[in-house]
Amino acid sequence: MSVRISPSILSADFVNLERDLGRISDADLVHVDVMDNHFVPNLTLGLPIVQRIQEVSALPLDVHLMIDDPDTWAPKYAETGAFSVTFSAEAAADPKKLARDIRSTGSRVAVAVKPGTAIEPWLDMLDDLDMILVMTVEPGFGGQSFIEAAMPKLAAARRAVDASGLDVWLEVDGGINEQTIVTAVRNGADTLVAGSAVYGKADGPTPNERIAALRRAAGPVA
Ligand SMILES: O=C(CO)[C@H](O)[C@H](O)COP(=O)(O)O
C-alpha cells in the first residue's frame, strides 16, 4: 500500500483556494489547518470556510484544529461532513467524551500531540481514536524544519497500534519533504501532511507531480 498524502492548504493561495484544491487531485485527503490565534499564534479560517471547502472539494477533508476549547467546537467542524477531525491534545478538557461526540457525527476522530507532549496517555485510549497525529514542528506555521526528536514517540505509537490490532492511522505533520518522509515512514507513519513541499514553489513540478514524488520517496508501507 502507498502512504496517504494529505496536502496542507496552509501553503495554498487562499484567494484561489478552489483552483488550488483542483491541483492536488492525486492526493488522498486535503489537510485543513484551523488556527484561532489563541492556541497558536496564527489565524487561518473557521467554520464557514471549512463548510465551503467541504462543498467544493473532491477529496475528503482532514480537518486539523489548532484551537482552544475543541470540546465545544470540534463536533461543529465534524458536522460539516468532514472525513476526519483532529483536536489538539493540549487543549481538550474531556478527550473521551470529545472523541465520542466527533464520532457520533460520522466523522473519524484524531488527536494531535505537539513535539513536547507525551504520547503515552493517548496510547491507553486507542479504542476511542481513528488516528494519532504526531506534530514534527511547533504548530502555527508552514515551512518549518522537521523535528526528528519526535520519532521515538511515533515509533512507540506504531508499536502500540500494531499490538492492539486496531486500524488506527498514524499521521505526521510538519517539515515533510522527500527526505524527511522516509524517516517518518520508517518510524511508523502511514499518513503524511505536506504543505510547502506540495504548494511551496510557483515554478517547477506541479502539486500533483510533487505528491507523486513524495509517494515514490516514501515507498510502500505494510
Ligand atoms: O499544521 C501545520 C502547521 O502548524 C501545517 O500543516 C504544517 O506545518 C504543514 O506545513 P509544512 O509542510 O510546510 O511544514
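**A tour around the ligand**

Start by selecting G174, which sits in the loop connecting β7 with α7 (180-186). Helices (H or I, at least four residues) and strands (E, at least two) are DSSP runs, numbered from the N terminus. You are looking at a predicted model, where local features need pLDDT of at least 70, side-chain atom pairs count only at pLDDT 80 or more, and totals for chains, interfaces and linings use all residues. Residue numbers start from 1 along each chain as its sequence is written.

Is G174 buried or exposed? G174 counts as buried because 28 C-beta neighbours lie inside 10 Å. The cut-offs are these: 20 or more other C-beta atoms within 10 Å of a residue's own means buried, 12 or fewer means exposed, and in between is partly exposed, with C-beta atoms placed from the backbone. Now highlight M135, T136, V137, Q144 and F146: G174 touches these, not counting residues up to four places away in sequence. Two residues are in contact if their C-beta atoms, placed from the backbone, lie within 7 Å.

Next, select D173, found in strand β7 (residues 169-173). D173 is buried too, with 27 other C-beta atoms within 10 Å. Leaving out residues up to four places away in sequence, D173 touches L133, M135, T136 and V193.

Then jump to D33, in strand β2. D33 has 25 C-beta neighbours inside 10 Å, so this residue counts as buried. Beyond its neighbours within four places in sequence, D33 is in contact with S8, L10, T44, H64 and M66.

Which residues does the UniProt annotation "active site" cover? In this unreviewed entry, the annotation covers D33 and D173. They span 141 residues in sequence, yet no two of their C-alpha atoms are more than 10.7 Å apart, so they gather at one spot. UniProt positions use the numbering used here, feature names are shortened, and annotations may be inferred rather than shown by experiment.

The unreviewed entry also lists a "binding site", including H64, F141, D173 and G174. Click on F141, in the loop between β6 (131-135) and α6 (151-164). F141 is partly exposed, with 15 other C-beta atoms within 10 Å.

Finally, select the ligand. How many residues surround the ligand? There are 22, and the closest are S8, P139, G142, G195 and S196; a residue is near a molecule if its C-beta atom, placed from the backbone, lies within 6 Å of it. Color β2 (30-35), β8 (191-194) and α8 (196-199), each of which supplies at least two residues of this shell.
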